[in-house]
Amino acid sequence: MIKVLHTGDIHLDSPFSGLSPDRAELRRAELRSAFTSMMTYARTGDIDIVLVTGDLFESRYITRETAELVTGEFSRVGCPVIVSPGNHDPYTHGSIWEKIKMPDNVKVFSSDVLQCFSFPEINTDVYGYAFVSGEMTSVPLASASVADRGRINLICAHADMTSPLSHSAPLSKDVLASFGADYAALGHIHNADNYRGEAGSCSYAYCGCLVGRSFDECGDKGALVVTVDKDSDSAKAAVRTMKFSRRRYEDISVDVTGAATSREVTDKIEDAISGADDETAVRVRIYGVTDSALVISPSVIAEAFPGVFSFTLKDETVPLGGADYLEDDLSVRGEFYRMIKPKLESADAREREVALRALRYVTAAIGGENISDI
């Protein structure tokens, strides 16, 4: 039996360009810290081999400091480390892989043709390949199979099982089943909870990203710890997830139908995000029919949640509650409402969105509110 740490999609030195410079640097530091925590676990958790399934680096932004951090952590881990470069850190001429000297215990795939590293001390062979550009349409595992079924056979690869037309190394269950490995450690899909299973006698799993970097990567993130137990030519892989990320992103939708005041909106949001803390970046989408006189100010509502790392509000409410009286209102507000109502009821989503925003501006302006925050 061997114990594997399966990680990938770490994207060290990601720019976090959507954040302020201070917040972006904080997130880059947190990403490095999560990597260090994971490697500390690898040293202390009886790990026999570490598999890094691509996109260890964000190559365009990698710094010498981070490269030295990686080589230092790898040198101290005390077991073999296998790296399969992905589409964000391909093995190209002049790339980071040629510029840094990896420790002796680290093996990096360097070709888009299938390669194998053997480790007799743990009776294990590891198969894989490297992206050599930002795209790969070939299937290196196709028409190949393991050399010795009596050994523990692992795949370490950056690949896409979601589409046969993918430009990121398309891979099918049929190819995995035919290849004959015992466990396929895969990278490329960041939200990976639903991407693990069996392909013939081969167990496969995506590790997901180590740290969520945006609202496209919500929830707790980390790596996989896999035990592969092989008896004769029959193997069983047990996979469990370990969290290494402190920070998490949460994207939440809240129905605020009937709300007539900002306090009522805030109360409904508070109930929905009660578990969020200073490690959580929260994006809340509010929807539903609200009072026509209600002006929702995202900055005012955000002030009610100082305890979270960040708070973003997306207002998709329809301010038409109690608006029937506007049909007969002879004021400017009534005239504007009657003019825009057909667009508010349009079948075209974009037209409805523009009309709703216009109604919010007019309602706020007539009420003497600041429209710059809408």
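Colleague: What should I know before I look?

Modeller: The model is predicted: local features need pLDDT of at least 70, side-chain atom pairs count only at pLDDT 80 or more, and totals for chains, interfaces and linings use all residues. Residues are numbered from 1 along each chain as its sequence is written, and side-chain values use heavy atoms, with hydrogens and water left out.

Colleague: In what order do the strands of the open sheet come?

Modeller: The order is 4-3-2-1-11-12, six strands with mixed pairing. Strands here are DSSP runs of E, at least two residues, and helices are runs of H or I, at least four, numbered from the N terminus. Two strands pair if DSSP finds at least two bridges between them.

Colleague: Which strands stand at the edges?

Modeller: Strand 4 and strand 12 (234-243). Each has a single partner strand, so one side of each is left without a neighbour in the sheet. On average, neighbouring strands are turned by 20° against each other, direction ignored.

Colleague: How many bridges hold strand 11 and strand 12?

Modeller: Ten, in the antiparallel sense. L224 stands opposite T241 in strand 12, and G222 stands opposite K243. The hairpin has two residues between the strands, and S232 takes a positive phi near 60° there.

Colleague: And what about strand 1 and strand 11?

Modeller: They run antiparallel, joined by five bridges. I2 has V228 of strand 11 as its bridge partner.

Colleague: Is strand 11 largely enclosed or left open?

Modeller: Largely enclosed by the rest of the structure, because seven of its ten residues are buried. Buried means under 20% relative accessible area, exposed over 50%, partly exposed in between (1.4 Å probe, protein chains only).

Colleague: Switching to helices. What does helix 1 lie across?

Modeller: Strand 1 (2-7), strand 2, strand 11 and strand 12. Helix 1 runs at about 175° to strand 1. Axes are lines fitted to C-alpha atoms, for helices over the stretch in contact, and angles run from 0 to 180 degrees between N-to-C directions.

Colleague: How do helix 1 and helix 2 pack?

Modeller: At an angle of about 10°, with axes 9 Å apart. That makes helix 1 roughly parallel to helix 2 (under 35 degrees; over 145 is roughly antiparallel, 65 to 115 roughly perpendicular, the rest oblique). The contact (heavy atoms within 4.5 Å) includes R32 and F35 of helix 1 and T66 and L69 of helix 2.

Colleague: Which residues of helix 2 are buried?

Modeller: T66, A67, V70, T71, G72, E73 and F74. Their cover includes helix 1 (21-44), strand 2 (49-52) and helix 3 (96-99). G78 follows helix 2, with a positive phi near 85°.

Colleague: Which residues have the most contacts inside the largest nonpolar core?

Modeller: F35, M38, V50, L56 and F74, in a core of 36 residues. A nonpolar core is a set of buried Ala, Val, Leu, Ile, Met, Phe, Trp, Tyr and Cys residues joined through side-chain atoms within 4.5 Å. Helix 1 gives the most to this core, with eight residues. Apart from it lies another core of 24 residues, including Y129 and L186.

Colleague: What is V50 in contact with, leaving aside neighbours within four places in sequence?

Modeller: L5, A42, V77, C79, P80, V81 and I82.
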